[in-house]
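Dear colleague,

Please find below the structure that I promised to pass on, together with its sequence. My notes on what I found in it follow directly after.

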Amino acid sequence: MKVSYFPGCTLKNKAKDLDLYAYKSAEALGVTLEEIENWQCCGGVFTTANDEVATKLSSIRALKYAGDKEQPLITVCSACHNVIKQTNYEMQTNSQFADKVNRYMANDGTYNGETQVYHYLEMLRDLVGFDTLKEKVVNTLKGKKIAAYYGCLLLRPNSVMRMDDPENPTIMEDFIRALGADAVVYAKRNECCGGYISVESPESAKRNSNAIIENAKANGAEMIITACPLCKYNLVKNGADIPVVYFTELLAEALGVKEDTNA
Amino acid sequence: MHNNKYLQEEIIRISGVNPSKCMRCGKCSATCPAYDEMEYHPHQFVNMVESGDIEPLLNSESLYKCLSCFACIDRCPRGVQPAKVVEAVRLTAIRKKGANRMTADAVPAMVDEDTPQQLLVSAFRKYTK
Amino acid sequence: MQVNEYKPLIVAFCCNWCSYAGADLAGNNRLAYPADVKIIRVPCSCRVNPMFILRAFQRGADGVIICGCHPGDCHYTSGNYFTRRRMAALFSMLDFLGIEKERTRVEWVSAAEGAKFAATMNDFVQTVTALGENKRLEDLRCKK
Amino acid sequence: MQKITREQLLAKASELLSNGTVSCVLGWGLGEFDYDVTPTIFKSVEELENGFVFNDFCGANFSKYLVNKTAKLEGKILVFLKPCDTYSFNQLLTEHRFDREKVYAVGIPCEGMADIAKVKAISGDGIAAIGSNGDKLTVTTLYDDEAIVIDTNEVLAERCINCKSKKHVAYDELMGEEGDVTQSNRFDEVARLEAMTPDERFAFWQNELSRCIRCNACRDACPACTCEKCVFDNPSSGVENKSPANSFEEKLFHIIRAYHVAGRCTDCGECSRVCPQNIPLHLLNRKFIKDMNEFYGEYQAGAEVGSRAPLVSYTTEDLEPGEVFNRGENNA
Amino acid sequence: MQRVGVFVCWCGTNIAGTVDVVAVAEALKSEPGVVFSANYQYMCSQAGQDMIKEAIKEHKLTGIVVCSCSPRMHEATFRKTAAAAGLNPYMVEIANIREQCSWVHKDMLTGTEKAIILGKAAIAKVNLNAPLTPGESPVTKRALVIGGGIAGIQTALDIADAGFPVDIVEKKPTIGGKMAQLDKTFPTLDCAACILTPKMVDVAQHDKIRIFSYSEVTEVNGFVGNFDVTIKKNARYVKEDVCTGCGACVEKCPMKRIPNEFNLGMDNRPAIYIPFAQAVPKVATIDPNACNMLKNGKCGVCSKVCAAGAIDYTQKDEYINEKYGAIVVATGFNPISMDKFDEYAYNQSKDVITSLEFERLTNAAGPSAGKLLRPSDGKHPHTIVFVQCVGSRCESCAEKGKEYCSKICCMYTAKHAMLTRDKYPDTEVYVFYIDVRTPGKNFDEFYRRAVEEYGVKYVKGMVGKVVPEGDKLKVQASDLIANKQLHIDADLVVLAAAIEPDKSARPLATMLTASMDTNDFFTEAHPKLRPVESPTAGVFLSGACQGPKDIPETVSQAGAAASKVIGLLAKDKLTGNPCVANSNELMCNGCSSCANVCPYGAITYEDKEFRMPDRTTKVRRVAVVNPAVCQGCGACTVTCPSGAMDLKGFANLQIMAEVDAICK
């Protein structure tokens, strides 16, 4: 299976692990990630304003690129996923906006939200299948107590993201279980770490992140996994005393492709 | 209280939110992770826009405290979408000339060696125009 | 009295439960409307067959109005919903054939809306009077 | 030029007759002229070989005939259905008008049928014979020595130019390849009329409908007009009328007929095909279809058996009759 | 040709003031069919009516037209007058020349002119009138109540006390419904069991009531007065008439770990069980999904210990056919699922419970024997947070929750809060509310007492998030009055879940052709004036299946429904409205359009044989209207393309005759 892949700015820089292991693991699962040519940064956050067009064009270019190749578009960073998925939804549902965008991008032909956007986790669940994944695990993570941290971007707004139940998601827990580990369910897994607020008021980010870590630990977590570089940054920076790793790294480890990456 | 009809309509247009759908349950403010940072809270944004009392919001630091985590949007029983109102008010404020919240000069002081690009991009998109 | 003044002929179909009662209430309150309006009582607005409307025009009516309970208040629960669809289709078709669209109307009048009934009739008569005689749908043989 | 040939259909019909699947065949039979093809019941292979035809004038929609024929004839009837006919077939089943068990339906592909009026417009009157050869019709007339060759595409019937579907929605057996629902421009002409002023529209329809000679061909051919007793034939209906003595046709007959089939009309176009006065009667039906699609959501009568037509259905949020005009003005 | 008499009323000066009644009577004299025309000051007076009667007899009138006030006023009067003179009452037509003429027009000339035209229209119509006789149908004097909660129980008792046999169909093994699970009832705080269980016993002992428990309705045919119902009695593998309810089997059953639905899964029951001590009927039921004997053929303990020999592992579902004159729907409600509201952590912590679960926790017969203990660790909770409106008052397009107010939550929450503070004064009790809605007798007083006397902390605001951490539930909420975000470490969180109609209601409504709203509540025949009747004749509504209700409301509606049923069953025959649709089978196509628009399900189809002109016969499908069910709206007449369907009293020809008369 070949899919279009949008890595995003951080994955080529501070979050190289997220990217690298995504590639390696996909390969091990028989999925080829075809990186979009000349992709541009999604902008990090989606603006909900009706009258913002320019800030959404980079996402639409990526979407259209995948659409032209008749491939689903796979994202791995939560923020990219949120921005691209919300932009695509707006293209599907807001004809005025779509019209404006298509005029803007006159040279590239029209696009009306036809591309299917999957987060890497959704790809594992819906395109690969957790059962298949389970079969491919070589290093079972049995006995590890792992807490999934969703953050806000993967799940909300639910009317658009449609990834899982926004209040009681299971996709990452099912992922953890597929790898053989124990999933720690805790209430704060879908609460915000503070996100970009750490430039505006670091204390706020600290308070939020701390509460998340404490809640995960109180429920027995020995490790936290996430899909978002910013979440990871906030959690680590604000005193996580248990490891916080990208879910792709855990995946690569379980699939036995982590070592040769490092080698 | 001043009723600024023009700004009110502008914010309703940008956000696409109908503030009169609010039934004053306060679940948005109950759910908000940035509540304590804010002078005006999510439900107040909605209610003040509904009554046209916009200026205090425009001048409030609260604009920059919203995390865009969309929890208020998902948990609002009436589908009001308070975060969209906050965003619309903030844009109304920073779209004015010279009203950018962040400048490029300030960046070096903010970063440490682990700062992800995503953080800076997001902050720029949120705080500047 | 002006002898040659044009007086339109209006046929009003009123449902028994709401609009006919609304017309009665207009009478009780002595709310005047032109005598050009002649009311035919039907059990429900959904009893009004498009044939009745065409027949009225054919025989020289200048305007036809159908009055029923407000949507949701139908005595028979759903009759006026059918009326609404049927008349939307019929009126659009008459318009398509070039018949003046102002000659047909559907109005929801409850048993409590005597004032609305009178106001509606005054307005409708005025509209049709301004249009003048119905020539496009009448059957010349039937003209008096 | 049809992709399927008379020989193929004949072979299929003969086979089904011989093996006892059906006891008779409802097919196209030879008429007075080559273009005058008549729906016919064939009861033997011999009758088929002598009388069965299939050419570019086989436009007749057989669905309607099943109502009477299934009631009268013993055994199963084989019927050939073009894609558009299958919609009428389903609609009649929705209305419980015939017994599905008594029919063996064979779907056949259709490349569009010719309009004899268009042929005559090119060849002139006095057609003696029409042959078909590839994409051409060869027309021999009484007055010309040389045969006139006409491109079939030039004389395609209006309903076939705007064909709504090459897909069969009902059959027991399908011959040839299955097609798709097509993107047609069938509502363009309705939209053109809608864009006119009321005066222009009135003039248009006066001109068209005043030609009506009240022959009832439209009603008699219409697969939706299968009433046991038509209101226009029924003295106790109060609207009976049998002759074109007055402006009744313009004012009532065609409006009521269109209204009676509204939501049930599959837009097969038989009304216009059979009209000897060439009145574009299908436009009235299409107006209803277009309106209902726009008011209440897309609905294609006959697309499936048992579907509920817009006029026997409702939602509490439907638009008000007065709003149908506002909508038009906004569009203009 | 009719012989029509015309009677023009003056109504004192009410009509005669603006209409020249003499001229009207004179003008109408020459209309077709008119053989007599008169005017009089008050037609509705005794003298006026006598005049009509005499004229009918003297002139052998076959139809009369009264030009007078609105038919809504005196049509019934003049119909009686006609009937008294031997004329069919439906041969009377009224021309409304008062409300719709003299009262709304000013000058004599136009008034008179219009009155004449209205008279002519009425004459044209009466010329086409035919005598009508209301149809009669017999009434089966037995009622069916579907649902055995307090609504069904009360309805059944009231009907049975009036002397009519009643059957209750209840899908659970016992009647009692939700009320049997409650602890105390607001605002009087009497114990639910103490007031409900005697009623359950009354039902069990009533010689006019039969209970079909563990049963459901599977098919309904027929119409008002003559319903034909199939009831499926699910196999309970225990002979109901033999079982003594001793409970030996329950005690000895080895399969003991089945979640107990009566206690909402907060404790366990065996595979053979009696839901609760006061169950009616008090017989055991075997859960076929749990019983080892039924699943694997191994065990048989209950059979061995049953002294009465009531166990029957071979029992099969049984179908019962019964006829009923009236059907009462009392299918009740359920709290909605909390799955979509996990911001409150219902799925994450045992200590987040619904209000109904709280009822069981505080009920003496509940899983903790009435002691308020946390389900997780059995400890006494010191801080309790109640959250109101969970799933109620949600926007219609929201994917979770209901748009309506569930109505009962404010009061039961006040009750829970008050009782908790009363019994355990050391607990802190918070109630988060959007509005406190207490319209009801002694309701607001009750709520105020909870606040003022019992010290319940009512907070205007909502809970946004519940985070289970350690043995605490961290509650994050807003206090809108103080404009603060609150963080409370609670021990127990109680959610006032919205209520919704029972899932069995929708298929039942289809069987009954009774209409429902988008929320699956049954629709009333009229929201104000006929609140306990469904639009389908003979089907009545009782309790929360029609809308959220508390107990007193349910009981009063149950009584009202019963009185409607009694009124129906007291009749030997039902007289219908004769102005009903009828189908001319010669013209009917059998196309089903009419049935599609009939709101009452009055039209059915049958295959009929017809003789054709050529002496052959043809079988055709034709519509048949049931005059007992048809209400005469006429929707079918317009949808019928062939005009086969017509409405008596408002026939196509009659209305067209009126149109013609007016337009002439």
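The domain assignment of chain B gives two domains, with domain 1 covering 5–96 and domain 2 covering 100–129, and the centres of these two domains of chain B, taken over C-alpha atoms, are separated by 24 Å. Please keep in mind throughout that this is a predicted model. For chain E the assignment gives domain 1 (4–126), domain 2 (136–226 + 319–332 + 502–574), domain 3 (235–316), domain 4 (335–499) and domain 5 (581–648), and between the C-alpha centres of domain 3 and domain 5 of chain E there is a distance of 53 Å.

Staying with chain B for a moment, I looked at one residue in some detail, namely B:Gln8, which is found in helix H1 (residues 5–15) of chain B. Leaving aside residues up to four places away in sequence, B:Gln8 touches B:Val49, B:Gly52 and B:Ile54. As for B:Glu55, this residue is 47 residues away from B:Gln8 in sequence, while the C-alpha atoms of the two are 10.0 Å apart in space.

Turning to how the chains meet, there are six pairs of chains that touch, and among these the most contacts are between chains A and B. In that pair, 37 residues of chain A are in contact with 33 residues of chain B. On the side of chain A that touches chain B, the elements that give two or more residues are helix H9 (197–200), helix H10 (202–218) and helix H11 (229–237) of chain A, and the residues of this side divide into 16 nonpolar, 15 polar and six charged. Chains D and E also form a contact, which takes 17 residues from chain D and 19 residues from chain E; by class, the side of chain D that touches chain E has six nonpolar, six polar and five charged residues. Other pairs do not touch, including chain A and chain C, whose nearest C-alpha atoms are 27 Å apart, and chain B and chain D, for which the corresponding distance is 20 Å.

Chain A contains an open sheet of four strands in the order E2-E1-E3-E4, with parallel pairing. Its edge strands are strand E2 (32–35) and strand E4 (117–119) of chain A, each of which pairs on one side only, and from one strand to the next the twist averages 40 degrees. Within this sheet, strand E1 (residues 2–6) of chain A runs parallel to E2(A) and is joined to it by four bridges, and the bridge partner of A:Tyr5 in E2(A) is A:Glu35.

In chain E there is an open sheet of five strands, again with parallel pairing, in the order E10-E7-E6-E18-E29. Strand E10 (209–212) and strand E29 (539–541) of chain E stand at the edges with a single partner strand each, so one side of each is left without a neighbour in the sheet. Here the twist averages 20 degrees from one strand to the next. Strand E18 (residues 326–329) of chain E pairs with E29(E) in the parallel sense over three bridges, and E:Ile327 has E:Val539 as its bridge partner in E29(E). Helix H16 (residues 551–569) of chain E packs on this sheet, where it touches strand E6 (143–146), E18 and E29 of chain E, and its direction makes about 170 degrees with that of E18(E).

Elsewhere in chain E, strand E3 (residues 63–68) and E4(E) pair in the parallel sense over five bridges, with E:Ala95 in E4(E) as the bridge partner of E:Cys67.

With best regards

Definitions and conventions: Residues numbered from 1 in each chain as written. Chains lettered and ligands numbered in written order. Predicted model: local features only at pLDDT ≥ 70, side-chain atom pairs only at ≥ 80, totals over all residues. Contact = placed C-beta atoms within 7 Å. Nonpolar A, V, L, I, M, F, W, Y, C, P; charged D, E, K, R; others polar. Pairing = 2+ DSSP bridges. Axes fitted to C-alpha atoms, helices over the stretch in contact; angles between N-to-C directions. Domains from an automatic or database assignment.
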